[in-house]
Amino acid sequence: MSTTQISGAEIILKALADQGVEVIFGYPGGAVLPIYDAIFNQNQIRHILVRQEGGAVHAAEGYARSTGKVGVVLVTSGPGATNAVTGLTDALMDSIPIICLTGQVPTHLIGNDAFQECDTTGITRPCTKHNYLVKDVKDLSHVMHEAFHVARSGRPGPVVIDLPKDVCMAPGDYTPKEEIPLKKYQPRLSPDSDKIAEAVELIASAKKPVFYCGGGVINSGPEASRLLTEFVRTTGYPCTLTLMGLGAYPSSDKQFLGMLGMHGTYEANMSMHDCDVMVCIGARFDDRITGRLDAFAPGSKKIHVDIDPSSINKNVKVDIPIVGDVAHALREMIDCWKAKKYKPDAAALDKWWAQIADWRAVDSLKFTQPKDIIKPQYVLQRLQELTKDKDTYITTEVGQHQMWAAQYIGFDEPNRWMTSGGLGTMGYGLPAAMGVQVAHPDSLVIDISGEASFLMNMQELSTISQYRLPVKCLILNNFYMGMVRQWQELLHGGRYAESYMESLPDFVKLADTFGMTGLRTTKPDEVDDILKEMIETDGPVIADVQIDPTENCFPMIPSGAAHNEMLLGPDDKAAKPISEEGMVLV
Amino acid sequence: MTIDKQINFHTISVLVDNEPGVLARVIGLFSGRGYNIESLTVAEVDIEKSLSRITIVTSGTEMIIEQIKAQLGRLVPVHRVSDLTLEGPHVDRELALVKVIGTGDKRVESLRIADIFRARAVDSTNESFVFEIVGDTGKLNAFIDLMRPLGLADISRTGVAAIARGTSSL
């Protein structure tokens, strides 16, 4: 070993530091001991010890989504890697930049069914954007830097680097970031100017336009959200956002229609159905958005901006496809609009807004808060009111509470809302909140949760306790897997097979065992007090808010139905039975 | 919105880094997303740059074919994707080795048909021939069908290799 050579593990740490990594979420094991030794011997990068590898990936996702940086995970071989698979798939579906370093048995044992061996690159191939198996320490610097480039460029996503133990211990040379040529993966950023001109002309000529935007705007960076807001305001057109896009356009703005899709607002979905020009920016026509495809926005011309060509014309054929980065495309659209001095058709737009006002008047998010039992909508409405002037980040688990949070909590900025959209991973919110809190130690971080999701990753309470992360867990406890129960009520004759929650822990005592503050209420008139106490408590809190167990999430586009066939409330369902085709959809 | 239901065959050439796992990535994409592979041929074409060329014959609606190309294009080790069926005339060829076992008239007939198809006998015993035949998939299928009653015993085919006509290259 020459004097300049260092170990593979030290090369990894140097590369991470070079890439600006501040924190790693991980869990040690035999195959990654050399890397942990290298972590021990440095002070630049902080390591957060999770309690299960799945939690590490979600924490890194929360970190990445709230900062716009790449989240880094370190897990051991075999079970360490397989436990990370759910998080990796989640990050792939929601386009979150993650680097996951996995330990591997030494190269000479690969394929030998060695202890804690698994085919990590084989298992993670379909659930990562790309993955690497490093078999020679000479390739290590290059792979590390290329992996960061792949994870964060184009449509972001998770990248796995599988690291055999002997490679981590072998002596080698480190090559800094600047000296690595990255010609391999170069996604297109600048859109085709002709297509932009064509799109802007169509936008200007619209009589019933709607902007439909998603997580791609947030992934493009805060500048993209600013440009979107500028362009939407310049045109005076209505704007709706997907679950992933919340915060990309200010929710408090009068041109905002609320979220669209299966549990979107009436005005958003009706505008989508009746529009003549749809401007889709950084969204992907997911089945939760479109409803029945053959009845999706009939009679509309569609523009679609996306950095990933495979998102275009996947589910819905569009008229003007634009491949490129959202911020680049929006800047060019604004320039083109100004240069050509376009003016929207004022008379048509007035008529369109009058129509939208009628839909808004339906007030699809209305609810009544009775005296004796807490409605979840009320809790979230109060939470929104009590936190709106604070520096707040919200994460959620998956289910009814997630949809209610999306409906009732408003976001005026991007990167404030972290939820598992594509994969719908229960157990996402608690570790994600941990990652957000690590990135923003002084901010208010709230995991809006259901009692079922909360139990899925609650081992991470131990992590929260260890690092004194002041995460607030707001459990909307209805003693059911609420969304499962709701579908069983709507589709399966109210036979609630296995969707109850029996033997729940006493959440107040649970909080106590981890040195957290535990709060509980069952009374509507205590909701404000408990929320205030939760917000004002210094350390971590579990607030168990026991809500109406029969409450369903409305409005709702039943599966297999179109945007204009929404169920607005419990009395609405008899009139529109769900079709056979709809039954088989998820 | 009308969804085009017409199913067409397309020959797609893909230039990839010749690295471990790249074929698994391409095949996994097809199986994972439910696309069809009618034929798949892979070999290294540039040793210096370590590049391989994959030729895939696939079938699907216009939207599916567009998806397949976009999905292939976003794989990190993929350099270029070219739809030879759409991008003008191209040549596609396949090689087959066909073993025919028989004696007497059938043996003579197999040799005569092989001659018509410009297939070469590359191995011979008293009871068998191995014919080597090169051509497009249709020609190979026709030859194999004719060999069936004449003692066809074994077939090995390479799958389609294809290239654009004229001056354009991948």
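In this predicted model, strand β2 (residues 23-26) of chain A runs parallel to β3(A) and is joined to β3(A) by four bridges. Within this pair, A:Gly26 stands opposite A:Leu49 of β3(A). Both strands belong to an open sheet of six strands with parallel pairing, in the order β3-β2-β4-β5-β7-β6 (chain A). The edges of the sheet are β3 (46-49) and β6 (130-133) of chain A, each of which pairs on one side only. Neighbouring strands of the sheet are turned by 20° against each other on average, direction ignored. In general, the strands of a sheet pair through backbone hydrogen bonds, either parallel or antiparallel.

A pair of helices of chain A is described next. The axes of α16 and α23 in chain A come within 10 Å and cross at roughly 45°. That angle makes α16(A) oblique to α23(A). The crossing of the two is right-handed. The residues that meet are listed below.

| Helix | Residues of the helix | Residues in the contact |
|---|---|---|
| α16(A) | 376-387 | A:Tyr378, A:Val379, A:Arg382, A:Leu383, A:Leu386, A:Thr387 |
| α23(A) | 527-536 | A:Val527, A:Asp528, A:Leu531, A:Lys532, A:Ile535 |

By class, this contact of α16(A) with α23(A) has seven nonpolar, one polar and three charged residues.

One residue of the contact can be followed further. A:Ile535 lies in helix α23 of chain A. A:Ile535 counts as partly exposed, because 18 other C-beta atoms lie within 10 Å. Leaving out residues up to four places away in sequence, A:Ile535 touches A:Leu386, A:Thr387, A:Leu444 and A:Lys472. From A:Gly247, A:Ile535 is 288 residues away in sequence and 21 Å away in space, C-alpha to C-alpha.

Notes: Residues numbered from 1 in each chain as written. Chains lettered and ligands numbered in written order. Predicted model: local features only at pLDDT ≥ 70, side-chain atom pairs only at ≥ 80, totals over all residues. Axes fitted to C-alpha atoms, helices over the stretch in contact; angles between N-to-C directions. Parallel < 35°, antiparallel > 145°, perpendicular 65-115°, else oblique. Left-handed = near helix turned anticlockwise from the far one by under 90°. Contact = placed C-beta atoms within 7 Å. Nonpolar A, V, L, I, M, F, W, Y, C, P; charged D, E, K, R; others polar. Buried ≥ 20, exposed ≤ 12 C-beta atoms within 10 Å, placed from the backbone. Pairing = 2+ DSSP bridges.
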